[in-house]
Amino acid sequence: MLTSFLIALREGLEAALIIGIILSVLRQIGREHQARTVWGGVGAAVVVSAGAGLLLRQLGLAFEGRGEAIFEGVAMLAAAGVLTWMIFWMQRQAPNIRHEIERDVRSAVGANGAWGLFSLAFVAVVREGIETALFLTAALYSTSPLLTLAGGALGLGAAVVLGWLIFAAGRQLNLRQFFQVSGLLLLVVAAGLVGHGIHELQEAALLPVLVEHVWDLNPVLDENSTPGLFLKALFGYNGNPSLLETLAYAAYFVVIGWAAWQNRQRLEKRALAANSA
């Protein structure tokens with residue numbers, strides 16, 4: 001539940017912030033009456049995202065036995081791949097995302113009118129929505145469907161409330177810090193998805209087990225207990241992982257974490273050089 005809540009909160013808050021910026025720009029240029037078009041794009045995106053989630057869920061239910069394990073493993077690794085892409089995308093976009101959205105809104109209003117605004121809102125929300133659908137589908141296989149859906153619904157609800165409070169209070173959220181913190185969170189969640197994905201593919205006999213259990217902490221901290229489920233949701237905890245799971249988890253965290261840190265340093269140096277010029 002915690003994983004689905006955090007992912008839905010992060011994705012939902014990003015979408016809410018983008019829509020909030022779009023509406024703010026419309027207010028600034030005296031086009032508030034076109035807000036209906038923006039909300040139309042949001043509504044269409046929600047419908048498409050919900051449909052994608054249902055399709056992924058039905059596809060998963062269609063498999064049994066070995067096929068189910070393969071689907072679950074592929075879904076988890078795919079979700080981890082998308083999360084990885086998001087980490088680097090956020091690093092590139094964070095410094096200028098507000099200005100870019102404002103520029104896109106002004107361009108859409110001037111060039112394409114209602115259709116441009118509709119498309120801008122639709123693409124912003126449907127991207128986050130389909131990503132959320134993929135993540136929640138992957139999360140279904142590490143906890144119960146009810147808890148996953150409840151966590152996702154609570155996360156989206158909290159994102160809407162937070163987004164409204166930010167703009168109603170007229171406060172500027174530091175998007176750079178927001179993306180940095182959420183990027184670290186995504187790194188941990190993605191590492192857990194990689195580990196679970198490897199486990200499922202081992203269950204399907206597509207990957208070698210090597211050493212079945214590197215250690216067994218379940219007698220001390222059962223992965224199915226309340227603390228164990230909490231750690232499983234947040235960090236991908238497994239009480240008795242295989243050697244390949246452990247190596248994959250550690251390799252992902254170290255390699256992607258190092259690459260993200262290097263990328264952040266490079267972008268900061270570039271921004272500093274640009275400001276000094």
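Student: Why is E245 called buried?

Tutor: The relative accessible area of E245 is 6%. Buried means under 20%, exposed means over 50%, and partly exposed is what lies in between, with a 1.4 Å probe and protein chains only. A value of 6% falls under the 20% limit, so E245 is buried.

Student: What kind of model do these values come from?

Tutor: The model is predicted: local features need pLDDT of at least 70 and side-chain atom pairs count only at pLDDT 80 or more, while totals for chains, interfaces and linings use all residues. Residues are numbered from 1 along each chain as its sequence is written, and side-chain values use heavy atoms, with hydrogens and water left out.

Student: Where does E245 sit, and which residues is E245 in contact with?

Tutor: E245 is in helix α9, residues 243-276. Helices are DSSP runs of H or I with at least four residues, strands are runs of E with at least two, and both are numbered from the N terminus. Leaving aside neighbours within four places in sequence, E245 is in contact (heavy atoms within 4.5 Å) with G195, I198, H199, Q202 and N238.

Student: How many helices and strands does the protein have?

Tutor: There are 9 helices and 0 strands. From the N terminus on, the order is α-α-α-α-α-α-α-α-α. Buried residues make up 45% of the 277 residues. Of the contacts with a separation of 6 or more, 83% are between residues 24 or more positions apart.

Student: Why are W115 and F118 called a stacked pair?

Tutor: A search of the whole structure finds 2 aromatic pairs. The rings of W115 and F118 have centres 5.7 Å apart and planes at 15°. Rings of Phe, Tyr and Trp (its six-membered ring) pair if their centres lie within 6.5 Å; planes under 30 degrees apart count as stacked, over 60 as edge-to-face and the rest as tilted. Both values meet these limits, so the pair is stacked. W115 and F118 both lie in helix α5 (residues 113-139), 3 residues apart, about one turn of the helix.

Student: What makes F118 and F122 a stacked pair?

Tutor: The centres of F118 and F122 are 6.3 Å apart, with 5° between the planes. The distance is within the pairing limit and the angle is under the stacking limit, so this pair is stacked as well. F118 and F122 are 4 residues apart in helix α5. Ring pairs link W115, F118 and F122 into a cluster.

Student: What makes a set of residues a nonpolar core?

Tutor: The residues must be buried Ala, Val, Leu, Ile, Met, Phe, Trp, Tyr or Cys, joined through side-chain atoms within 4.5 Å. The largest such core here has 32 residues, and those with the most contacts inside it are L83, L193 and Y252. The elements that give two or more residues to this core are α1 (2-28), α3 (66-93), α5, α7 (175-203) and α9. α7 gives the most, with 10 residues. A second, separate core of 20 residues includes I19, V42, V109 and V125.

Student: Why are R127 and E128 called a salt bridge?

Tutor: The closest N and O atoms of R127 and E128 are 2.9 Å apart. A salt bridge is a side-chain nitrogen of Lys or Arg within 4 Å of a carboxyl oxygen of Asp or Glu, so the pair qualifies. The whole structure has 1 salt bridge. R127 is partly exposed, with a relative accessible area of 27%, whereas E128 is buried at 3%.
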